[in-house]
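Let's take a walk through this structure together. Have the sequence and the 3D view open, and we'll go stop by stop.

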Amino acid sequence: MPKTLIEPFRIKSVEPIHVTTRAEREQMLQAASLNVFKLRAEDVLIDWLTDSGTGAMSSRQWGAIMEGDESYAGARSFYRLEKVIQDLTGMPHFIPTHQGRAAEKVLFTAACRQGDVVPNNCHFDTTRANLEYLGVQALDLVVAEGLQPQLVHPFKGNIDLARLEALLQHDGARIPFGMLTVTNNTGGGQPVAMANIRACAELLHRHGKPLIMDICRFAENAMFIKMREPGYADKPVREIAREMFSHADGATMSAKKDGMVNIGGFIVLRDARWLEAVRNGLIMMEGFPTYGGMAGRDLEALAVGLEEGLQEDYLRYRLRTAEYLGERLDAAGVGFVRPTGGHAVYIDARTVLPDMPVAHYPAWALCNALYLEGGIRGVEIGSVMFGKRLDDGTETYHAMELVRLAFPRRMYTQSHFDFAAEVIAELKDKAADIRGVRIVKQPKYLRHFTCDCEWVDA
Ligand code: F0G
């Protein structure tokens, strides 16, 4: 058998990408105040800012769009998607929302009270923000392996069961439910093992607490289980996904990831304990229960996407793509979070810029250099995103300086990845020319989205 794993699709509709010169990119980055969030997407050659809602839909999905029933109440498209989700998750109550954070807001508003604590392997930013907004503490309990970028471990997304048990014993009354995020995006797109899901659910259930899963990337997680966990190699990935869901009492999903659509999300629940409050909240915040925040055509595209996202040849290619870029980076001496995750590669900027002071934001600097050198857009996960300027003018910094390259689904081919690998290897050779930045204007919260920067050596 040939060793090359090909993209398991052919291209039916194309969208040109815009090649720019270095001089143009310098001008555009300057106009964007050295912040790639402020670039126009048109001026980006390879856009790896996020894998969320950015993928290509299939011809079957575009066909399904025409079947959308846009009735306000009781639309056919709702019942079609409801059946797909019930069959997949084994849970009866399906509540559509317009995206993942809306699902979080609606569920948490119904299920949490001020002063509660919600443990998770790692909360995603919006999950944490939605909990904290309600006065709930969001606690990250990922295993110690999950916090060591260079350490290779098959399931770095696992939750630390001993710490979870201690929390349940000590503070059980404050816990409305426990959570697991599959895969663990904040920790590098790392999977959670079935054994860990099972043990986490048993532990929570022993203490009378439900398990809610954040299932944005459930299909990638299921494929990792098939490839890495003893006993699963011969099981269809759909069955593995069903087994994962069998341990949960509910889930929130951003369908913009493994749902293979550009917009959409949902809540699914096993029993009715929060159902009435969730439906009431939904009507106020999102829409009538048979469409939530989605158009009928979006419901149709998702019904098809949930099936396509579980196809094994697609998933094998998907996980292999990230691994392939990791191998190329390894060969160039560029460090990254190991092993590569499902949806992204997280470059360790310190391995490219070991001498740049953290006050010059090395991951931000590398992100800018990637754009200048190759027109590639990633996202800084370092001291601009997670550091803070204090009132006395001093700064706190993040423990890691990472650049996340997140891959839209079914969008880029192997030559795009080869090109990116070459650009990154060249940057490593030219690291002495990469310029650090200072922040000249920033808002109080979430500064990375809108801050203005200048070159420190300007
Ligand atoms: N949960 C996880 C694990 C996520 O990664 C995201 C989004 C959400 C919830 C929220 O979903 O965007 O549909 O409201 N992650 C994107 C990213 C934005 O770039 O990682 P949403």
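Before we start, a word on classes: Ala, Val, Leu, Ile, Met, Phe, Trp, Tyr, Cys and Pro count as nonpolar, Asp, Glu, Lys and Arg count as charged, and the others, Gly among them, count as polar. Keep in mind, too, that what you're looking at is a predicted model.

Let's begin with the ligand. What kinds of residues make up the shell around the ligand, by class? There are 2 nonpolar, 8 polar and 7 charged residues in that shell. Of the 17 residues around the ligand, the ones that come nearest are Thr50, Arg101, Asp214, Ser254 and Lys257. If you're wondering which helix gives the most to the shell, look at α4, residues 100–111, which supplies 3 residues.

Now pick out some arginines. Arginine 101 has an N or O atom in its side chain 2.6 Å from an oxygen atom of the ligand. With arginine 404, a polar side-chain atom sits 2.8 Å from a ligand oxygen. For arginine 217, the distance from a side-chain N or O atom to an oxygen atom of the ligand is 3.0 Å. As for cover, the ligand on its own has 480 Å² of accessible area, and the protein covers 93% of that.

Next, turn to a pair of helices. Helix α6 spans residues 161–171 and helix α7 spans residues 194–206; they pack at an angle of about 10°, and their axes are 10 Å apart. Angles under 35 degrees count as roughly parallel, so α6 is roughly parallel to α7. On the α6 side, the contact is made by Leu161, Leu164, Glu165 and Leu168, while α7 brings Asn196, Ala199, Cys200, Leu203, Leu204 and Arg206. Sorted by class, this contact of α6 with α7 has 7 nonpolar, 1 polar and 2 charged residues.

Finally, let's look at some details of the backbone. Where does threonine 183 lie? You'll find threonine 183 in the loop between β5 (178–181) and α7, and the peptide bond leading from valine 182 to threonine 183 is cis, with omega near -15°. Further along, the bond from arginine 338 to proline 339 is cis, with omega near -15°. That proline 339 belongs to the loop between α12 (312–331) and β9 (344–348). One more stop is serine 33, in the loop between α1 (22–31) and β1 (46–47). Serine 33 has a phi near 55°, a positive value in a residue other than glycine.

Technical notes
Residues are numbered from 1 along each chain as its sequence is written. This is a predicted model: local features need pLDDT of at least 70, side-chain atom pairs count only at pLDDT 80 or more; totals for chains, interfaces and linings use all residues. Side-chain values use heavy atoms; hydrogens and water are left out. Axes are lines fitted to C-alpha atoms, for helices over the stretch in contact, and angles run from 0 to 180 degrees between N-to-C directions. Helices (H or I, at least four residues) and strands (E, at least two) are DSSP runs, numbered from the N terminus. Angles under 35 degrees count as roughly parallel, over 145 as roughly antiparallel, 65 to 115 as roughly perpendicular and the rest as oblique. Contact means heavy atoms within 4.5 Å. A residue is near a molecule or strand if one of its heavy atoms lies within 4 Å of it. A polar contact is a pair of N or O atoms within 3.5 Å; within protein, one must be able to donate a hydrogen and the other to accept it, and residues adjacent in sequence count only if both atoms are side-chain atoms. Accessible areas come from the Shrake-Rupley method with a 1.4 Å probe; for residues, only the protein chains shown count as cover.
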